[in-house]
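Thanks for coming, everyone. Let me put the structure up, and then we will go through a few pieces of it.

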Amino acid sequence: MTNDYSTKPESLRCEGSLIARELRFSRAMIFAIEEINNSTELLPGIRLGYQLYDSCASVLMASHISFQILNGQDPVFDRNSNCSHSGEVVAVVGDSGSTPSISISRIIGSFNIPLVSYFATCACLSDKQQFPAFLRTIPSDQFQADALAKLVKHFGWTWIGAVHSDSDYGNYGMTSFLAAVQREGICVEYSVSFYRTDPRSKIQRVADVIRRSTARIIVAFMESGDLTVLLEELAQEPPPPRQWIGSEGWITDPQLMAYSFCAGAIGFAIQQSVIPGLREFLLDLSPSEAAASSVLTEFWEDAFNCSLTNKRVCDGTEDIKILKNPYTDTSQLRITNMVYKAVYAIAHAIHNAVCQKTNATTKCEKDIRLKPKQFISMLKKINILQNGYPVSFDANRDPVAFYELVNWQKSESGVIELATVGYYDASLPKGQEFHISRNITWMDGGTHLPASVCTESCPPGTRKVLQKGKPICCYDCIPCPDGEISNTTDSPDCSPCPSELWPNAQRDACFPKPVEFLSYDEVLAIILAAFSVSGACLAIITAAIFFHHRTTPIVRANNSELSFLLLFSLTLCFLCSLTFIGAPSDWSCMLRHTAFGITFVLCISCVLGKTVVVLMAFKATLPGSNVMKWFGPPQQRMAVVFLTFIQVLMCTIWLLLSPPYPMKNLSTYKEKIILECALGSAVGFWAVLGYIGLLAVFCFVLAVLARKLPDNFNEAKLITFSMLIFCAVWLTFIPAYVSSPGKFTVAVEIFAILASSFGLILCIFAPKCFIILFQPQKNSKKSLMNIN
């Protein structure tokens, strides 16, 4: 664009390359310049001139044009007019693509000529060290990449595919997008690129990647021409339903809406707008005007399928007003408005530089030569409203980003139409930029949101374990180990329950562990208690029988005093087993072990006394022996008391220093609590138990020595057998006690007490009771002296 030029271009460069949309952009620029030139408020008295070039989307052509602009090779001004500073380029509007814009800006930027682009969105152009003279009226792709990432995050998609143009627009845009989704924790299954001129084999490979992928969401950061090539390839063998997410480069292209497998596509587009008078200006084109320009000629001939130069001459009946193509379609003015804003931004910058308002009039100095750096400074300060739309630039010379969220929706007639369903405004506070205003139609034609995840969410009770060699969104759901829970979805770890709690079956909550002890409600406890009471009753009945027949020879011959004391101790032994049943308490824990230890020592002491009496009685029958006077009833009682006192003393010391106490056993079973009695001092427990064992072994040895005494002293044989049972039971008890889990430890201890007690009472007293009750004829002194 140059100043002081009032004629329209004679020709557009690069004949045959401008499509209808690009032609509309060019004509919109001319329309804006003519509006400004006819304005009495903006640049009054000054007319803007212009020259149009076509870069053909080619870097080489763009570079060539840039040098033309700098060298002034083209007649960009009317030499017959009274122009000051003719041909001096003030600013350049363009280019449509990012790659050509990079080339142009590098060249003309060296001379501080500003380039104001309306469609170059590459984030790389925001780098002011490389492109100090570049400005644009369209937002940077950095904003769009962030918006697309937030869109994907908003709908809960964590597994997506990505395809982009192999150009500066696609490469930089996709790089920004991938960085944004990585920050959002979204995984990308694949990211592929191509350019429309690539071999078909490469485009086929890209299409095959899309067909084979498991991601149902495809984010396409592409230019319209590139996507057209890809969709044509996919149309040969349509992939499974995919939800397409589009960038502004293609999402509003009506020609792409013909591909039915893209129905429901959603993406961000430049805000649509209305430019009053533009449609009339575009339609104000006659065949003669079209014939004056090679590009307009090509457009006219393609649009009406006739020729302005050859034999198939256009007959003049062609009516551009009924023509339907991108040139005449002004229903979705988006990028066209960016062209319009770019022209007005430059015009306002010139106005601010050369015009001053005095009183009610505005005067502009035509002879002022604009300094390039000064003009760039004026341009980047522009902050106006043009046609209701803001025109301003931030520190990177980018406009404030505002996108419409658009959706391809099928109308009642089955035609896919563009519908605005929300917006993204980067000027709003963080977290409030994204807004959806109406229902969205998805790939299946409905409003049900499609899902796209590599792995379904892990439910509570499981944890995520990443799959080797795959992105973080691909994982296995592993049940929490024993004792641990997870109560949230997609939990990365399981947390252990507190020591007294245990997970439920679903492993998503902790509940109190069941408490286990040998309760009277259990069958095992009832059986043991029954045997215990039966044993005590049996001892009492035996004592009653002995007391009733206390004068009989068989009772008197078996040391009745020790027998009654033994029966008393056995009764206590049977009853002490009851203290092992029920929930442990401080008193029951102390009582059960000490009562067991003392009563059994009392019992063994009595048996030991009876054994010694047998031996002493044999010695007393020898001539000249007076042994019995040394072990008479007083000595027997003293021996029992002394031996029992030692056990009482050990139990007292045990209780005073480290007594047994109730405890919750959390280690035997992970899933339940065992209530049991801790020994307190293990030394005390094993000392008490060892003392019993020592007396039992000593008693057993003496009984063995007395077993071959004359038959009238046959009680030694019964004691031997009873002590054999006693020792066998308690030798078996030790490993069983150590290895039995939980409440069965208590059951083993009760069983040992009952078995040894029954062994003593049955072996020692049962034969005598049988004679007393069923064979009374043998209960005589004569019979006892002659038993065979």
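Predicted model: local features only at pLDDT ≥ 70, side-chain atom pairs only at ≥ 80, totals over all residues.

Residues are numbered from 1 along each chain as its sequence is written, and side-chain values use heavy atoms, with hydrogens and water left out.

Helices (H or I, at least four residues) and strands (E, at least two) are DSSP runs, numbered from the N terminus.

The pair first. The axes of H13 (residues 523–548) and H20 (residues 743–774) come within 10 Å and cross at roughly 25°. Axes here are lines fitted to C-alpha atoms, for helices over the stretch in contact, with angles from 0 to 180 degrees between N-to-C directions. So H13 is roughly parallel to H20; the cut-off for that is under 35 degrees.

Next, H3, residues 98–108. Nine of its eleven residues are buried, so H3 is largely enclosed by the rest of the structure. Buried means under 20% relative accessible area, with a 1.4 Å probe and protein chains only. Among the buried ones are Pro100, Ile102, Ile104 and Ile107. What do they pack against? Helices H2 (59–71) and H5 (168–183), plus strands E3 (92–93), E4 (115–117) and E5 (134–136). Contact is heavy atoms within 4.5 Å.

Last, the sheet. Three strands, open, order E24-E26-E25, mixed pairing. Pairing needs at least two DSSP bridges between two strands. E24 (515–516) and E25 (661–665) are the edges, each pairing on one side only. E25 runs antiparallel to E26 (residues 673–678), over five bridges. There, Tyr661 sits opposite Ala678 of E26.

Notes:
Parallel < 35°, antiparallel > 145°, perpendicular 65-115°, else oblique. Buried < 20%, exposed > 50% of the residue type's maximum accessible area, 1.4 Å probe, protein only.
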